[in-house]
Amino acid sequence: MSVPDGGGILLGGMNRAADSSVTRGLPLGKGPLTGSRGLSSVRSGANMSVHATIIDHQELDAAVLAEAAARRAARGEDPAAMAVHQKADNLTRNLARPQRSTPVHTSAQPSLADIQERNELAAANRSAEAESYLAKAQAAEAANKPGVAKIYYQMVARRDQAGLKQQAEARLAALNAPAGKSLVAK
């Protein structure tokens, strides 16, 4: 059997009925007691049916993404800023799982070269993460979300030791300045 999307089909059913009658007293109504009579009837029914709903997840995803794009376009969001935000988000997700490039040694003490390589890898990861947060901060600032931008700039300042830290601190100072005394970013 085949059922269309949103359709249904009756699989089967069962109906029951019962009638009863009770009479008490003298026959034909003779005498002071005329008698009584009771009737009862019971009916019941049960059916079983199936209704089908087809859910196409790819179609739903496409519709949700199209609606989100239309809302962003209606709000006038800049596609370039969104691309920067998506790139920064992708970098952050991929940096969350650092890759292990150092060989595993069976000795309990790692060599000096292993320690240096591990430290260099950790510094490179921190630097890449700081770049990712800087891109997110700039995207948030472009989207007129200074509170979010401040948080990302603080994260950059904690993770970087060089130029990005100075750039983030300068933007934090500009964002924290009173409205009339805004600093210009270099």
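Modeller: The lining of the largest pocket has eight nonpolar, four charged and one polar residue. Here Ala, Val, Leu, Ile, Met, Phe, Trp, Tyr, Cys and Pro count as nonpolar, Asp, Glu, Lys and Arg as charged, and the others, Gly among them, as polar. A pocket is an open set of points, on a 1 Å grid over the protein atoms alone, where a 1.4 Å probe fits and protein lies on both sides within 12 Å along at least five of seven lines; a lining residue has an atom within 4 Å of a point.

The model is predicted: local features need pLDDT of at least 70 and side-chain atom pairs count only at pLDDT 80 or more, while totals for chains, interfaces and linings use all residues. Residues are numbered from 1 along each chain as its sequence is written, and side-chain values use heavy atoms, with hydrogens and water left out.

The space in the largest pocket is about 290 Å³, a volume filled by probe spheres set on grid points that are joined across faces, edges and corners. Of its 13 lining residues, Met82, Ala139, Ala140, Ala143 and Lys145 are the closest to the centre. Two or more lining residues come from each of α2 (79-95), α3 and α4, and α3 gives the most, with four. Helices are DSSP runs of H or I with at least four residues, numbered from the N terminus.

Helix α3 spans residues 112-142 and includes Lys136. Lys136 has a relative accessible area of 7% and is therefore buried (under 20%; exposed is over 50%, partly exposed in between, with a 1.4 Å probe and protein chains only). Beyond its neighbours within four places in sequence, Lys136 contacts His85, Ala88, Asp89, Thr92 and Tyr152, a contact being heavy atoms within 4.5 Å.

Tyr152 also belongs to the largest nonpolar core, which has 14 residues; Tyr152 is among those with the most contacts inside it, as are Tyr133, Leu134, Ala149, Tyr153, Val156 and Leu164. α3, α4 and α5 (163-176) each give two or more residues to this core. Such a core is a set of buried Ala, Val, Leu, Ile, Met, Phe, Trp, Tyr and Cys residues joined through side-chain atoms within 4.5 Å. Not counting residues up to four places away in sequence, Ala149 touches Ala137, Ala140, Glu141 and Leu175.

Between α3 and α4 (146-159) lies the loop that holds Asn144. Asn144 counts as exposed because its relative accessibility is 67%. Although not a glycine, Asn144 has a positive phi of about 60 degrees.
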